[in-house]
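Please look at the sequence and the structure before reading on.

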2 protein chains.
Amino acid sequence: MTSAPIVIDGILFDAYGTLFDVQSVQSAVATVVPRPEEFVAGWRQRQLAYSWLRTLMDRYVDFAQISTDALNATAAAAGIALDDTDRARLLAAWLRPSPFPEVPVALALLESWPLGILSNGSPSMLATVLDHTNLTGRFAWVVSVDAVRAYKPAPAAYALGVRVTGISRERILFVSSNGWDVAGAAAFGFATCWVNRSGTPLEELGPQPDLIVPSLDRLPGLLAAR
Amino acid sequence: MTSAPIVIDGILFDAYGTLFDVQSVQSAVATVVPRPEEFVAGWRQRQLAYSWLRTLMDRYVDFAQISTDALNATAAAAGIALDDTDRARLLAAWLRPSPFPEVPVALALLESWPLGILSNGSPSMLATVLDHTNLTGRFAWVVSVDAVRAYKPAPAAYALGVRVTGISRERILFVSSNGWDVAGAAAFGFATCWVNRSGTPLEELGPQPDLIVPSLDRLPGLLAAR
């Protein structure tokens, strides 16, 4: 953690879990399977693991396919037979998350900076989510790692943020609620902010975040005025 | 799954979970924390995640350090304070696994082929485990990915197996109980065998194993005589 205000020229946000609450997925799962919390945790864990493994293996498929594969494997492991209707309903829930409550105010308070999204989500997933949440106009950039066929925390995924924004890496603040994502962004050279809504300990992955906030509306006060 | 016997010139085994049962870790954890099964599952999951994430981030540390970091983070997440004695006892358990019961017989039945280990474990971890289990003499090669500072399933880790053995990749059979490891090895171009002791479904990661066996002693009968 640094004590002086951070000087930056733009902000890139992770999407799922950082701007958008995926409670919608939990709700959809609860209509289909018993023990929905355990199922969603397993699905989410496989989604991430598959994205990392396929990047390491150089066998990229887009995040909609990752989500489908992870859902099928999680259902198989749990001994749950999903029909096509169930499967479609569960996958569609990723397109209808709500912003966390403080997000509209926080984005308004950050309007001095150009804002963007840098997400593992596929371009069509991101477009649908932003349209649904009426937040499209808030962002100068909506960037999917699909353009480089590598998921975060591969350096190529973060480098895309530099390429698209034209801002040097150390003047970009990368904001995520995922500890591993913040570590990857810091290793790449972004300034970083970890949104730790649940008060969990840091992961032990090396680089530490420059800023830690309990919710996004606490971020504007920590930045040097622009 | 292929129906004709597989023709190969050498066999490389994954170590932890494939040749060696890590029940020793479970037993050690049970002396230190409540709900040891949940703790070990979390520790193991973080161990793997950290190995993949650090490879993607190009921030390699060896597997003894990965294990320590994953242990500390898992304890912190569970709100458990470990003293140095606890920590040392838990980490030492990874050095004292037992071979699965069928391993000595299976290795004897496979003696027509040169055998090796290709493991994420650090060189000193592997040397200690093999010495403890009296299996050192069974293996022509004991290879740690530490030499390339990249964990499986990065292609560089499997390529080390080709470099050390001098055998072309498609004539090496890679044997692992980890679905993701088998998928990575198949993506690299090894012939593969998945040891599925617990009857779990395949992961949805693309390449499928050439062979699936419920235990290692079923492998020799599936290989073309040599």
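This is a predicted model: local features need pLDDT of at least 70, side-chain atom pairs count only at pLDDT 80 or more; totals for chains, interfaces and linings use all residues.

How many salt bridges are counted between chain B and chain A? The count is 2 salt bridges.

**Relation of the two chains**

**The interface between chain B and chain A**

- In this interface, 29 residues of chain B are in contact with 29 residues of chain A.
- The buried area between the two chains is about 2,600 Å², and carbon and sulfur atoms give 69% of it.
- Leu56(B), Met57(B) and Glu204(B) supply 27% of the area that chain B buries against chain A, which is more than any other three residues supply.
- One of the salt bridges joins Arg46(A) to Glu203(B), with the closest N and O atoms 2.9 Å apart.
- On the side of chain B that touches chain A, two or more residues come from each of helix H2 (36-57), helix H3 (63-78) and helix H8 (179-188) of chain B.
- H2(B) gives the most to this side, with 10 residues.
- By class, this side of chain B has 18 nonpolar, 5 polar and 6 charged residues.

**The two domains of chain A**

- Chain A is divided into domain 1 (10-19 + 100-225) and domain 2 (22-95).
- The C-alpha centres of these two domains of chain A lie 23 Å apart.
- Contact between them involves 17 residues of domain 1 and 14 residues of domain 2.
- The area buried between domain 1 and domain 2 of chain A is about 1,500 Å², of which 66% comes from carbon and sulfur atoms.
- Within domain 1 of chain A, Tyr16(A), Met125(A) and Tyr151(A) lose the most area to domain 2, together 44% of what that side buries.
- Between these domains of chain A the count is 0 salt bridges, while 6 residue pairs are in polar contact, both residues being at pLDDT 80 or more.
- Helix H6 (residues 123-133) of chain A provides the largest share of the domain 1 side that touches domain 2, namely 4 residues.
- The residues of that domain 1 side divide into 8 nonpolar, 6 polar and 3 charged.

Technical notes. Residues are numbered from 1 along each chain as its sequence is written. Chains are lettered from A and ligands numbered from 1 in the order in which they are written. Side-chain values use heavy atoms; hydrogens and water are left out. Domain bounds come from an automatic or database domain assignment. Contact means heavy atoms within 4.5 Å. Buried area is the accessible area (1.4 Å probe) that two parts lose on being put together, summed over both. A salt bridge is a side-chain nitrogen of Lys or Arg within 4 Å of a carboxyl oxygen of Asp or Glu. A polar contact is a pair of N or O atoms within 3.5 Å; within protein, one must be able to donate a hydrogen and the other to accept it, and residues adjacent in sequence count only if both atoms are side-chain atoms. Ala, Val, Leu, Ile, Met, Phe, Trp, Tyr, Cys and Pro count as nonpolar, Asp, Glu, Lys and Arg as charged, and the others, Gly among them, as polar.
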